[in-house]
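Student: I would like to learn how to read strands, cavities and side-chain contacts from a set of coordinates. Could we take one example and go through it feature by feature?

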Amino acid sequence: MLTFLLLAAFVLGGHCSDDLVYNDDNSRVVGGSNSGRNAWPWQISLQYLSGGYWYHTCGGSLIRANRVLTAAHCVDRPNTFRVVVGDHSLSQNDGTEQYISVSGIRIHASWNTNNVAAGYDIAVLHLASSASLNNYVKLANLPADGAVLSNNYNCVITGWGRTVTGGSLPDILQQAPLPVVAHSTCSSGSYWGGTVKTTMVCAGGNGAQAGCQGDSGGPLNCPVNGVYQVHGVTSFVSSSGCNAYLKPTVFTRVSAYISWINSNL
């Protein structure tokens, strides 16, 4: 039986089912490098409150001044959440951060917390106030409804996730190149097989770069006509390791949910 490793960290201990494993980590992109300061100004840090302290758990993308796109598995249990925009180093005051409470959560009605392979791992967060847009805080561009990128299309994953499976937890936002793997390839037996649905995007799988714990909900950034668009919401990897060979990082395909996103803004 395949076991899935969701890319989230939670205040409580690991929550498991027969098919899912949740790790209690907040970490960074595997095989990545430090991003430029605020190079990805739509990237947010989703944080939860525990014992009077805030902890990074997932990423996300600012899609309106008061709306954030993230993964359903990041927010499908009760916690007090906030969003940090304009951040670069989680442990230092960069002077560009804005801290905004989450006032509402819209999770796709078909999301099943016990079966990530079914898809629908997507959520929209409503913020208590609007972020001030500036050079450090900008809105993400979303793809056209139904858009599907070609095999080997060059994209970039960003996040504060683990650098290696079981590795260190640095603070600076990471970035790593992740080329798209066509669904026909990713759904073949040597890759993910029937686990991967057409509403998902695979990227990576070279055994070097990958998403990992702490990257969940964050963007797969793909340049289209000179502008980066968020084509994926980071969803899951293999329990054999974040950068397991021929097990690309799997994302919710944003272009499959444009109507849903618009109806929940």
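Student: Which residue in β14 does L220 stand opposite?

Tutor: Please keep in mind throughout that this is a predicted model. When two strands pair, one can look up the residue across from a given position, and here L220 stands opposite G232 in β14. That contact belongs to the pairing of strand β13 (residues 219–224) with β14, which is antiparallel and runs over 6 bridges. In the hairpin that these two strands form, 2 residues lie between them, and N225 takes a positive phi near 55°.

Student: With which strand does β14 pair over 4 bridges?

Tutor: That partner is strand β15 (residues 249–253), and this pairing is antiparallel. Within it, F236 has V250 of β15 as its bridge partner.

Student: How many of the 12 residues of strand β14 are buried?

Tutor: In strand β14 (residues 227–238), 10 of the 12 residues are buried, so the strand is largely enclosed by the rest of the structure. As a general point, the side chains of a regular strand alternate between the two faces of the sheet.

Student: Which residues line the largest cavity?

Tutor: The lining consists of V116, G119, Y120, D121, T199, M200, S235, F236, V250, F251, T252 and Y257, and the space they surround amounts to about 50 Å³. Both β14 and β15 supply at least two residues each, while the largest share, 3 residues, comes from β15. Sorted by class, this lining has 7 nonpolar, 4 polar and 1 charged residues. You will notice that the bridge partners F236 and V250 are both among the lining residues.

Student: What is the volume of the second largest cavity, and which residues line it?

Tutor: Its volume is about 40 Å³, and its lining is made up of N38, W40, P41, Q43, G86, D87, Y136 and L173. These divide into 4 nonpolar, 3 polar and 1 charged.

Student: How many salt bridges does a search of the whole structure find?

Tutor: The search finds 2 salt bridges. In one of them the side chains of D94 and R37 meet, with 2.8 Å from N to O. D94 lies in the loop between β7 (81–85) and β8 (98–107) and R37 in the loop between β3 (33–34) and β4 (43–50), so this pair ties together parts that are 57 residues apart in sequence.

Student: Which residues do ring pairs link into a cluster?

Tutor: The cluster consists of W40, W42 and Y228, linked by ring pairs. W40, as we saw, also belongs to the lining of the second largest cavity.

Key. Residues are numbered from 1 along each chain as its sequence is written. This is a predicted model: local features need pLDDT of at least 70, side-chain atom pairs count only at pLDDT 80 or more; totals for chains, interfaces and linings use all residues. Side-chain values use heavy atoms; hydrogens and water are left out. Buried means under 20% relative accessible area, exposed over 50%, partly exposed in between (1.4 Å probe, protein chains only). Two strands pair if DSSP finds at least two bridges between them. On a 1 Å grid over the protein atoms alone, a cavity is a set of points where a 1.4 Å probe fits but cannot get out, and a pocket is an open set with protein on both sides within 12 Å along at least five of seven lines; lining residues have an atom within 4 Å of a point. Grid points are joined across faces, edges and corners, and a volume is the space filled by probe spheres set on the points. Ala, Val, Leu, Ile, Met, Phe, Trp, Tyr, Cys and Pro count as nonpolar, Asp, Glu, Lys and Arg as charged, and the others, Gly among them, as polar. A salt bridge is a side-chain nitrogen of Lys or Arg within 4 Å of a carboxyl oxygen of Asp or Glu. Rings of Phe, Tyr and Trp (its six-membered ring) pair if their centres lie within 6.5 Å; planes under 30 degrees apart count as stacked, over 60 as edge-to-face and the rest as tilted.
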